[in-house]
Amino acid sequence: MSQALEILKAIAVGFLGAIGVVAFLLAGVIWVSVMDRRIAQSLGSESAQDAINLPEQLQRLALSLKSYMRGLLAQDAGRFLPWLASLISVAAGVIAFASLSFGPAVHLADFNTGLIFIFGAGFLAIHGEVLARGFSVQNAPLAGLARNAMRVASFEAGAALALVSGVILSGSISLKQIVAAQLDQGAWFFFLAPVGFLLYLASSIAGIDTVSRPLARTAVECGENPADRPGAFRWPFGSLGATIHLLIGAGLATTVFWGGWLRPFASFRDHFAGTPVELLDAMPPLAMAATAVYCRRVASSEKDAVRKQLMSIASAISAGLFVILAGVLFAPPAAIAAVHGAFWFLAKMAVYIYGFLWLRARIPQFRFGRPIRAAWNFLIPLAAINVVAVAAALVTRERWDWSPALSTLVMTAIALGIAIWLALHDMSQTTAYGVEP
Amino acid sequence: MFLDRLLFDFFAAIAAASALAMVTRRNILHAAILLLATLLAIGGIFLQLQAEYAFAAQLLLFAGGVVLLFVLVVMLLVPESLRQDASFNWKNYVISALVLVALIEILALVWARHEGTIWPSVAALPPNNTGAMGDALFRDDLLAFEFASVPLLATIIGVVMLAKRRTE
Amino acid sequence: MIPVEQYLVLGLVLFLIGAGGALLRRNPVMILMSIELMLAAVTVNLIAFSRMWGAVNGQLFSIFIMADAAAQTALALGIVVACKGWARPATATRSEPAEMADSADYRNREQPVAADAEEADSYAERLQP
C-alpha cells in the first residue's frame, strides 16, 4: 500500500511540476513577445507599426496550440513526426527550466551537475528544431537550417566558456552551490568576473538573434490562418523554443552572475528595532505596493478599454503579491527565504531579459558569415583568456592576499587589453581577406 | 525500492526496444531518433545509479553531439535514395550468428564458473559524487585524462585535413 | 536495490543488438550508429561497476569512452561522406526540378529571405567543383 502511495506521490509531484513549469514558460513567452514589440515600437521600427497587443498575442498562441494539437491527432506520419520533433525541443526546454532552482529550497529537480545538464538540454532542443524542419518540408532549404544550428552551437560554446568563470570562482557545477558560494564570498560573480558576464550576454544575443526574430514579425507574414499552411505550426513553436532558450539563458545568467535568489546586499543584516524583520526584506513588498498603486493610476487615466482592463489586472496581481510578500515576513525564516528568494530570482530574470531585448533591438542584424567569424576569431578566444584571467585572479587572492577588488581590476584590465588586440587583429584580417563587403 | 525497480524496468525496456527498432529500421533518420531514445533511456539508468556527471556528459556528448552529427549529415548530405535502406548484408548473417553464439557462450561460461560467487551487493556511492569525479579526473588519474586528449587532437587534425581536401 | 547482474544483462543485450546491427546492415551510417550503440552499452556496464564498488573510476572510464565516441563519430562520418562523394549539400535542390515545382509541398515551402537565398546560392557554388 505504501509503495503504491510512494509511486502515486512521485507521479503527482512530477505531473504538477511539469504543468507549473509549462504554464510559467507560456506566460514568460507572452511577456517576452509583448515586451519585444514594445521595444521595437519605441524605436519606431517600420515593421512594428501594427502593434501587437496582449489579446492578439494570446490569440496567436491559442491558434498555434490548436494546430499543434491537430498535428497530434493527425494519423499520417507526415504530420505526426514533425509534431514529435518539435515536442523534443519544447520538452528539452521544460526539463532544463525545471532544473533551475528559484530559492534555497524552491526547485523541482535538484541536480548537482545542473550547469552541464542545461547545456545538454540545449543541444536536445537543437535536435528538435532540426528534425521538425527536416520532417515537415521535404525540400526545405536545409542549408539555412544548418547555418542556424551551427550559429547556435558556436555561440553556445562561447556562452559555456563564459560560464566557466563562475564555475572556477565557486568550485562547483551545481547551480545551488554556485549561489551559495556567492553568498560566502560576499559578492556576486558579476563583480568578480565582469568580462565573463559581458561575453555571456554578447554570445547569447548573437546566438539567439535570427532564431527568435520570427516572433517579432507580423501576422501578415504567416498568412491569414497559420494552421492552413502545411507544417506551419512549427513556425510559432520554433520561435517558442527560441524564447524558452532565452528564458533559460536568463535563468543561468541570474544564477551564475547575479547571485540567483540572493537579495542585493545579502550579507548585510540589520533588523527593525524590536522585531525579527530584516530591513532589506521590506523592499519587495514595498516595490509591489508601489507597482500596484502605479498600475491603478494608469488604469484610471487610460482611454483604451482593453489596456485599462489589463492594467487593473496587473494592479490586482501586484496587490496580491504585496500581501503574500508582506505576510511572509512574519513567517519562519525558511519561508521568508523561499518566497523572497523566488521573488528576487524572477525580478533579476526580468531585468536581464529586458536588458537583453533592449540591447538586441539596438544592435544591427548581421549576415551569417560575420557573426560566426566573430565568434571563432574573437568571442571564443577571449572567453578562453577570461577563464585564465579569472583563475589567475583567484590565485592572487588566495596565495598573495591581494584584495578582491585589486585582483579583479588587474585581471579584467589584462583581459580587456587582449580583447582590444584581438579585435584589431580580426579587423586587419577581415580587410586582408577582402571577403566581407 | 519498488519505485527503483519500476524505473529500472521502464528505462531498460525503452532502451532495449528502441535499440532493436533502431538496427532494423529502414529509414536512417528514424534510426537516428531511435538511437537518441536509447541513449536517453540509458541516461535515465545512469541517473538511477547516482552517476550524475556521467548522465550530464552523456546528454551533452552522446545525445547532443554524436546524434546531432548523424542527423545533420543524413539530412544535409545523404542523398534521398540512400536514406531508405533496407539492405542487409546476408553474407555476414552466418558470421554474426557465430559471433552471437560465441558471446552468449562466454556469458554462460562466466556464469557457470562463478556459480557459487555472490556478486558484491551494490555499495552506496556518496550521493554527491561529482566532487569525487573532479578529484579523480584532475588529481588521481591526471595522466589518463591528458592522454584522452591525444585522440581528440588526432580527430581535429584529421577532420581539418578532410575539409581542406574537399574545398581545394 | 537492483542487483548488479541486471545492469550487466541490459548492457549485454544492448551490445549484442549493436553488434548485430554493425555486422548486418550495409549502410555505412547505420554501421556507425550501431557502433555508437555498442559503446553506450559498455558505459552501462562501467557505471554499474562503479556503483558496485562505491568508487568513481567506472564513471571516469565512461567519460573517456564518450569523448572518444564523439571524436570517432566526427572523423568517421567525415571519411564516409568524403569516400561516398556525398559532399554536395542538399541546397542543390534549389535548382527547382520540374516535377517538384508542381507539388503542393514545394510551392508552400518556406520562402527564404532574399539575403539568405543569395548567400546559400553562393555557398552552393563555392562547394561545387
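The following legends describe close-up views of a predicted model.

**View 1. The contact between chain A and chain B.** This contact is formed by 23 residues from chain A and 21 residues from chain B. On the side of chain B that touches chain A, at least two residues come from each of α1 (2-24), α2 (28-48) and α3 (52-76) of chain B. The helix that gives the most to this side is α3(B), with 14 residues. Sorted by class, the side of chain B that touches chain A has 17 nonpolar residues, three polar residues and one charged residue.

**View 2. Helix α1 of chain B along its length.** The helix α1(B) is made up of 23 residues. From its first C-alpha to its last, α1(B) reaches 33 Å, close to the 33 Å expected at 1.5 Å a residue.

**View 3. The buried residues of α1(B) and their partners.** The buried residues of this helix are B:F11, B:A12, B:A15, B:S18, B:A19, B:M22 and B:V23. In an α-helix there are 3.6 residues a turn, so residues three or four places apart point the same way. Within chain B, the buried residues of α1(B) pack against α2. They also pack against α1 (4-24) and α2 (28-53) of chain C.

**View 4. The surroundings of B:A17.** Residue B:A17 is placed in helix α1 of chain B. It counts as partly exposed because it has 14 C-beta neighbours inside 10 Å, whereas a buried residue would need 20 or more and an exposed one 12 or fewer. The C-alpha atom of B:A17 is separated by 8.2 Å from that of B:T38, although these residues are 21 residues apart along the chain.

How values were computed: Residues numbered from 1 in each chain as written. Chains lettered and ligands numbered in written order. Predicted model: local features only at pLDDT ≥ 70, side-chain atom pairs only at ≥ 80, totals over all residues. Contact = placed C-beta atoms within 7 Å. Helix = DSSP H or I, 4+ residues; strand = E, 2+ residues; numbered from the N terminus. Nonpolar A, V, L, I, M, F, W, Y, C, P; charged D, E, K, R; others polar. Expected span 1.5 Å × (residues − 1).
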